[in-house]
Amino acid sequence: MTKGKIVGLEGSFAVAEAVRMANADVISAYPITPQTHIVERLAEMVADGELDAEFICVESEHSAMSACVGASAAGARVFTCSAGQGLELMHEVLYIPSSMRLPVVAVVANRALSAPLSVWCDHSDAMAIRDIGWIQMFAENNQQAFDLTVCAYRVAEDKEVLFPAMVHLDGFYLSHVIEDMVMPDEEEVVGFIPEYEHPFVLDPDRPVSMGCYGPPFIYSETKKAQEVAFENTKSKILETWKEFGDVFGRHYSPVEKYRMEDARIALLTMGSSGETAMLAVEELREEGKDVGLISLRLWRPFPFKEFRDAVKDVELLVVLDRAISSGMGGPVCSEVKSALYDKRKDLNIVGFIGGLGGRDIPVKGFKYMVNRALEKVKAIERGEEIETEMIGIRE
Amino acid sequence: MGGEKLGWKDLEIGAVVTEPGSASAYKTGDWRSERPVRENEKCIKCGICYIYCPEACIHEDEEGYFESDLYYCKGCGICAHECPRDVIKMVEEVEE
Ligand code: SF4
Ligand code: SF4
């Protein structure tokens, strides 16, 4: 049961439509490729009176996030979007809404980081902000970019959550690609996102101080409180996705599985490459390899339980990282290893880095990873050290 | 001082402080390693020290002279630096 009307829409416009239906009060963003279409579309909506919001033009992403923090502190429903270097320029301010518990919603059109200058997709920007305390969700297609943006408002603004939330859609692969998707009825989206009221807002009649100075005697207590609250957001995310599924007929889970029922080998991806990986899974199955696919929909808070469950019968996990943690390998691979440490000594985990700076990973790239990983398992069994391999590199 | 006994569960969401003016509970005088000492005979009561003090801890007394509240004076020496008549000397605090 999927309600709504089928439309062909670019990923950026799908996100803008979700923000319009969420009826954001304040939008502040600075254009940067490949996110620009989102903010341009929203600016147009505000100018044309389709969205009754305050659009704050700023001189940088640092200011955009600062404006969102201020507006959110005043009780507004806010939105911003960025990518790559823009997200990095925002970096300092990203810590403020998570520690001040302000439910800012942001969409990032994932982009590589300079140098060399690249406007194309990878996950370097997303990975560089993974320790900040934002809820991070990854979309695989434009439908998900829309749906997850709607869900982001409902989750972030929940009284038991009150954390900022970020939806990642891959730059160009989704932001600039027109796909068909189901556009739900506006009333249903409006009904899904309740009126928002923060328990503490800047109000002269009820003065509060936000973002105070935290000397050593209290800083650790504030971080403990923040961390406990952040870990507790997962149950609300699950609840929201469940209710979203009940209303709209599309169901999301923190760890999406494809042909995993009898899989002994699992590929792990995030974002748009999941759909290409599915084709590779089909072809590998035809070759008699029992491969399945795991996509991390929720990156933060990390879905430990769901992830461990997803790989419980797997003997080989092949992880694709579209980012480098310099001197450490791939960030996703490092994290899934630590999530499984002491739980699964029998599971071989082989990491690859690929798809950097907009380099496509075709179906044969995923097949290569699986076949190469099987070779590496033999090396592991011989007691050899294996290194993270960057795929598709010319010698 | 307020807050030192608070546990993490006592904190409001986002560590918001709901009591207005509670910053005065924090005695910045604890930071001081030098204190301002005045020779009021030279003072022309211009109030420059009062204006420049970043802690706003200088008060005017009944005779129009100025004095620092040592609970809050953090010993930065700005008043001494700005005084046009060299009234204020910064004197090292000694442990008793
Ligand atoms: S030393 Fe600094 S804090 Fe103390 S009274 Fe002078 S200006 Fe104010
Ligand atoms: S600045 Fe010096 S002269 Fe002026 S009021 Fe203060 S102590 Fe007196």
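Me: How do the axes of helix α1 and helix α2 of chain A cross, and within what distance do they come?

Reply: The axes of α1 (residues 11-21) and α2 (residues 36-47) of chain A come within 8 Å and cross at roughly 45°. An axis here is a line fitted to C-alpha atoms, for helices over the stretch in contact, and angles run from 0 to 180 degrees between N-to-C directions. Before we go on: this is a predicted model, where local features need pLDDT of at least 70, side-chain atom pairs count only at pLDDT 80 or more, and totals for chains, interfaces and linings use all residues. Residues are numbered from 1 along each chain as its sequence is written, chains are lettered from A and ligands numbered from 1 in the order in which they are written, and side-chain values use heavy atoms, with hydrogens and water left out.

Me: And what makes α1(A) oblique to α2(A)?

Reply: Angles under 35 degrees count as roughly parallel, over 145 as roughly antiparallel, 65 to 115 as roughly perpendicular and the rest as oblique. The angle between α1(A) and α2(A) is roughly 45°, so the pair is oblique.

Me: What are the helices and strands based on?

Reply: They are DSSP runs, numbered from the N terminus: helices are H or I with at least four residues, strands are E with at least two.

Me: Why is α3(A) called roughly parallel to α4(A)?

Reply: In chain A, the axes of α3 (residues 61-73) and α4 (residues 84-100) come within 7 Å and cross at roughly 20°. That angle makes α3(A) roughly parallel to α4(A). The crossing of α3(A) and α4(A) is right-handed.

Me: What about α6(A) and α9(A): how do their axes cross?

Reply: Helix α6 (residues 142-157) and helix α9 (residues 233-248) of chain A have axes that come within 10 Å and cross at roughly 130°. α6(A) and α9(A) are therefore oblique to each other, and their crossing is right-handed.

Me: Why does Cys121(A) count as buried?

Reply: Buried means under 20% relative accessible area, exposed means over 50%, and partly exposed is in between (1.4 Å probe, protein chains only). Cys121(A) has 1% relative accessibility, so it counts as buried.

Me: Which residues come nearest to ligand 2?

Reply: Of the 13 residues around ligand 2, Cys43(B), Cys46(B), Gly47(B), Cys49(B) and Cys83(B) come nearest. Being near means that a heavy atom of the residue lies within 4 Å. Cys46(B) is partly exposed, at 39% relative accessible area.

Me: How does the shell around ligand 2 divide?

Reply: Into 10 nonpolar residues, one polar and two charged. Ala, Val, Leu, Ile, Met, Phe, Trp, Tyr, Cys and Pro count as nonpolar, Asp, Glu, Lys and Arg as charged, and the others, Gly among them, as polar. The shell around ligand 1 divides into eight nonpolar, three polar and one charged. Its residues include Cys53(B), Pro54(B), Lys74(B) and Met90(B).

Me: What is noted about the phi of Arg101(A)?

Reply: Phi of Arg101(A) is near 60°, a positive value in a residue other than glycine. Most residues other than glycine have a negative phi, and most peptide bonds are trans. Arg101(A) lies in the loop between α4 and β5 of chain A, and at 8% relative accessibility it counts as buried.

Me: Is Phe172(A) buried or partly exposed?

Reply: Phe172(A) counts as partly exposed, at 24% relative accessibility. Phe172(A) sits in the loop between β7 (165-170) and β8 (178-183) of chain A, with a positive phi near 65°.

Me: Where is there a cis peptide bond?

Reply: One joins Ala115(A) and Pro116(A), with omega about -5°. Pro116(A) is in the loop between β5 (105-110) and α5 (124-128) of chain A. The bond from Arg300(A) to Pro301(A) is cis too, with omega near -5°.

Note on methods:
Left-handed = near helix turned anticlockwise from the far one by under 90°.
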